[in-house]
Amino acid sequence: MAEVKLVNIAKSYDQGQTWTLKDINLNIGNGEFIAFIGPSGCGKSTLLRMICGLEDITSGELSIDGEKVNDWPPNERRVGMVFQSYALYPHMSVAENMAFGLKLARAQKSVVDERVGEAARILQLQALLERKPKAMSGGQRQRVAIGRSIVQQPRVFLFDEPLSNLDVALRVQMRQEIARLHRRLKTTSIYVTHDQVEAMTLADQIVVLSPLAQGAASNLEQVGKPLELYHHPANLFVAGFIGSPKMNFFDGVIEKNGEQETHVRLTTGETLKACVDTSKADPGSRVVLGIRPEHTLAETDNGNAVDGRIEALERLGAESFIYMSHDTIREHFIVRVEDSLRREEGSKIRVELSPEHCYLFDANGTAFRRTRAPEIDQ
Amino acid sequence: MPGIIFLNHKDTKTQRKPFLFAERSSGKPGIIFLNHKDTKTQRKPFLFAERSSGKPIKNFVSLCLCGSHLFKAFRNTLRAWARDERSHTGEVIMAMVQPRNLQYRVWTGRIVMWLFLLLILFPFFMIISVSLRTGNFATGSLIPENPSLEHWYLALGIPWENADGSITQPPFPVLTWLWNSIKVAFTSSALILILATTGAYAFARLRFRFKQQMLTAMMILQMFPAVLALVAIYSLFDQIGDYIPWLGLDRLGSVTLAYLGGMALHIWLIKGYFETIDNSLEEAAAIDGATPWQAFRFVLLPLSVPILAVVFILAFIASIAEYPVASVLLQSMDNLTLAVGSRQYLNPQNYLWGDFAAAAVLSGLPISIIFLACQRWIVGGLTSGGVKG
């Protein structure tokens, strides 16, 4: 177990002409489970590979347990990694796969047997120890890959999208197994994924990364607990990335600012209230108002509603999503309803956007503080 | 115990034609083939046999032809049966469709293969025939009229007593030549294997300047046959010999070293194979605590055994058969390789075809042995299962 500290980490593949990662600062505490999440190309896997030593660190400082390990080769860092592709040694049996690292370290046979046996027991692999990887299913292979890192008793576990090659049912099952494993071993873990459900359910803290924009200072968008990211996203990117379906965004300007409540006038002329603190912003400045599909109320008007036309319907049984059109909307306007009543495509309905569920972002995308959202324990 | 029944009429449910059924038979294991005609085409099923109550399957050829299908079906049946005895009763395991013209196709294929084989084998039989003829004649019938072991005795270094009582001494040290050939071929192939493997690793996995240029240069240089450089090779080893005697002219060391020059092709071959092995395996090894050398030795090399065996065989054959370079570098009778030595039998006025043929067959011996020894390493599918495809 160990603390991992990243200070001003940056990565460039072409001597500083273009940057993949810039100015990443993170403190990962002992025993914490951290998830890196972001869209493809945001550098989350690269960051993970830099921590385990498979990629060079262009600049910045990486320390594990207080020791600067920037220039240590991967075999000396004592980290364990689970690859997306499993990367099992095909010519070795399950037991040999798991014992490989210990044998390289010239561990005693009794120690090897004990640790392999223990890992096999935890992961329910006892019956498969003599099998070769090709005779196993995807889920079993991934369990072996996890077992291979367990036996090494690494200071940090690194998971590089370990479940994305599995089918949905198996993914859910393996997710729970990883959670169980972490509760049991309490080893510091870093988990890279593009699946926010995995991140939300597994992680103590989530690190949201974005593809580095031209001239941006950093692509680290926000670090926080899962629900903190959901209720208090730091900016437009995080707000749009966390939550499924995506948050709806309306363009508008502040009509009346305030400490508890803000009036926003959409470009269509409609005025909406939002429970956010805009005391530091000026009336008339451009803002983006956001609301999640699950917080909209269709065919309701409590005084904070907009009109829209139904474009399409998605009925999922337990819930339905109405795709609407509205003149000030960015990308899409999705309304979630629980009933599956028949609604006409093309008809107009009114949708209530409750003020306490509204988010507000300034022209740079930075979020205003929400005044009525649940507080998250720090 | 389930049996297997081949039916060639339509399945009542699916209306598909021939099916392989698994059925619980009356406690007896066995394969049961029925001889029903197809209801529509009135054709007999391709596979037929009586009930397997101890009687042999009649059409054995047809059984062999669909052997793998049959084996898989039988295995699946047994597996299904092992899982749950009841659930599969009467269940359709797999469709067995045997088109009628399959038989003709198979026979045509066989005939072509035999013709092809004859084409390859004929020269070989000729050489054996020549080596067993009395006297030294290149032409004659394929089966010698009065066979004699004369040439074989002489090739193996045993004096031969002629019919008139005179003794012919072996003219040349053929076994010494053979031994020289084996030494050179084995040493050079082993060195080629070691250097080409490590070189290919560098080209496949490491990043360094001029990598692409070096690869291209190797490829281009390899296109010129070594014969073009004979003069250069001769004078080079002449010079080297002044400083390192065992690498000089007329020493086997020089030939061995010269043969290493053919390595570029092998580097390309092995590099191509290495590139098919997922890099993440070595990365996993590195995280498991392996140094780059250990990752190479314990992960990459064991997975590359098939290509290493191929390269070893190719290098071995090439150096056993090589003539021009060896003929220039080697001079004294006891230092020749078999390929060069055999030429001694063919004097302008006196072609000793029989002795030559015996020596030629001998030179094939080490190649065959190496090939048989390496064959078990040439297998596919070594890397399957390691990474998700």
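Author: Contact here means heavy atoms within 4.5 Å. This is a predicted model, where local features need pLDDT of at least 70 and side-chain atom pairs count only at pLDDT 80 or more. Residues are numbered from 1 along each chain, and side-chain values use heavy atoms.

Reader: Thanks! What do the buried residues of helix 11 of chain B pack against?

Author: They pack against helix 2 (94–104) of chain A, together with helix 5 (174–205), helix 9 (263–276), helix 10 (279–287) and helix 12 (305–321) of chain B. Helices are DSSP runs (H or I, at least four residues) and strands likewise (E, at least two), numbered from the N terminus. Among the buried residues of helix 11 are B:Phe296, B:Val299 and B:Leu303.

Reader: Why is B:Phe224 called exposed?

Author: Exposed means over 50% relative accessible area, buried under 20%, and partly exposed in between (1.4 Å probe, protein chains only). B:Phe224 has 51%, so it counts as exposed.

Reader: What makes the pair of A:Phe33 and A:Phe159 stacked?

Author: Rings of Phe, Tyr and Trp (its six-membered ring) pair if their centres lie within 6.5 Å; planes under 30 degrees apart count as stacked, over 60 as edge-to-face and the rest as tilted. By this rule there are 21 aromatic pairs over all chains. The centres of A:Phe33 and A:Phe159 are 6.3 Å apart and their planes stand at 15 degrees, so this pair is stacked.

Reader: And why are A:Phe33 and A:Phe159 buried?

Author: A:Phe33 has a relative accessible area of 1%, so it is buried. A:Phe159, at 2%, therefore counts as buried too.

Methods. Chains lettered and ligands numbered in written order.
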